[in-house]
Amino acid sequence: MGSTVEPPGGGYLHLGAVTSPVGTARVLQLAFGCTTFSLVAHRGGFAGVQGTFCMAAWGFCFALSGLVVACEFTRLHGCLRLSWGNFTAAFAMLATLLSATAAVIYPLYFARLQCPPEPAGCVARDFRLAASVFAGLLFLAYAAEVALTRARPGQVASYMATVSGLLKIVQAFVACIIFGALVHDSRYGRYVATQWCVAVYSLCFLATVAVVALSVMGHTGGLGCPFDRVVVVYTFLAVLLYLSAAVIWPVFCFDPKYGEPGRPPDCPRGSCPWDSQLVVATFTYVNLLLYVADLAYSQRLRFVPAL
């Protein structure tokens, strides 16, 4: 009974997973993520919904980045029943958005140049400022991976690495912001028209998540029709639906006949329905533009089912 000196296809450990440009970006993600998380947990401190979100975002990104590096380094990703290229591209884009949001929220709510009162004192201020710097570096590391892995014109790549695939992640992320504003006392239940807008947001979000999930799981070939055609048709319908919401929501929230054209002077800051309605309206237009851009890019895609 014998054994080969080297397994077929190369060694069991893939050194390129940590030495290539993409691998280096992932190692930096782990280093910056661990540093940011540790600085905040040790002495920087966090509180409230904002601080909890930042810690959850950094923890989630660190855990998934560790999994990606481990699977790449040991070549175990070949044993997983999913499209690895689509998974890593989708996660890198999601982590970029999460880390960017946390890099803005944490210094905005917690970092100050002045020393806070004791017992925190100047030590806590220094830790918070350092955490803010490393949070920004973490965002840059994830953005670098997206830039390095993004599909170039004429290149055969995973769908989620294309501009259309990356936009799907951004669309879902913006929809989550809309949902957050909706549940924060937006009073969307007052009119059937605003309830229609909520249905539009929900339907488009679920369809976008379904497209991402099918791509990541590698099941796009089982739809019974070409995946790229399904994506184009769905994106076109999403543009029409969001266009209707972009017209209806502002009318029924800011027109004097149905709502308030300006922010009420007696509306409490932090719990004002008008603020939530403004956030929903703003990000409705953002997502409308994203879907229009997605539709334009989808026209030029040619899907390769094997990836």
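Which helices each supply at least two residues of the lining of the largest cavity? Helix H2 (21-44), helix H3 (48-74) and helix H4 (84-109) do. The legends below describe a predicted model.

**View 1. The largest cavity and its lining.** This cavity holds about 40 Å³ of space. By class, the lining residues of the largest cavity divide into 3 nonpolar, 3 polar and 2 charged. The count of cavities of 30 Å³ or more comes to 2. The other one is shown in View 3.

**View 2. Helix H2 and the residue that follows.** H2 runs over residues 21-44. Just after H2 comes Gly-45, with a positive phi of about 85°. An α-helix has 3.6 residues a turn, so residues three or four places apart point the same way.

**View 3. The second largest cavity.** About 30 Å³ of space lies here. The lining consists of Ala-89, Ala-92, Met-93, Val-146, Thr-149, Arg-150, Ala-161 and Leu-166. Two elements give two or more residues to this lining: H4 and helix H5 (121-149). H4 gives the most, with 3 residues. The lining of the second largest cavity divides into 6 nonpolar, 1 polar and 1 charged residues. Rolling a probe the size of a water molecule over the atoms shows where empty space is left.

**View 4. Leu-166, a lining residue of the second largest cavity.** Leu-166 sits in helix H6. Is Leu-166 buried or exposed? Leu-166 counts as buried because its relative accessibility is 9%, and buried means under 20%. Leu-166 and Leu-94 are 72 residues apart in sequence. In space, the C-alpha to C-alpha distance between Leu-166 and Leu-94 is 8.8 Å.

**View 5. The largest pocket.** Its volume is about 950 Å³. The pocket is lined by 20 residues. Nearest its centre lie Ile-105, Tyr-109, Ile-177, Gly-180 and Ala-181. H3, H4, helix H6 (163-183) and helix H9 (273-298) are the elements that give two or more residues to this lining. The largest share, 5 residues, comes from H6. What classes make up the lining of the largest pocket? There are 12 nonpolar, 7 polar and 1 charged residues.

View 6. Val-233 lies in helix H8, which spans residues 227-254. Val-233 counts as partly exposed because its relative accessibility is 47%. That class lies between the buried limit of 20% and the exposed limit of 50%.

Definitions and conventions: Residues numbered from 1 in each chain as written. Predicted model: local features only at pLDDT ≥ 70, side-chain atom pairs only at ≥ 80, totals over all residues. Heavy atoms only, no water. Helix = DSSP H or I, 4+ residues; strand = E, 2+ residues; numbered from the N terminus. Buried < 20%, exposed > 50% of the residue type's maximum accessible area, 1.4 Å probe, protein only. 1 Å grid on protein atoms, 1.4 Å probe; cavity = no way out; pocket = protein on both sides within 12 Å on 5 of 7 lines; lining within 4 Å. Points joined across faces, edges and corners; volume = space filled by probe spheres on them. Nonpolar A, V, L, I, M, F, W, Y, C, P; charged D, E, K, R; others polar.
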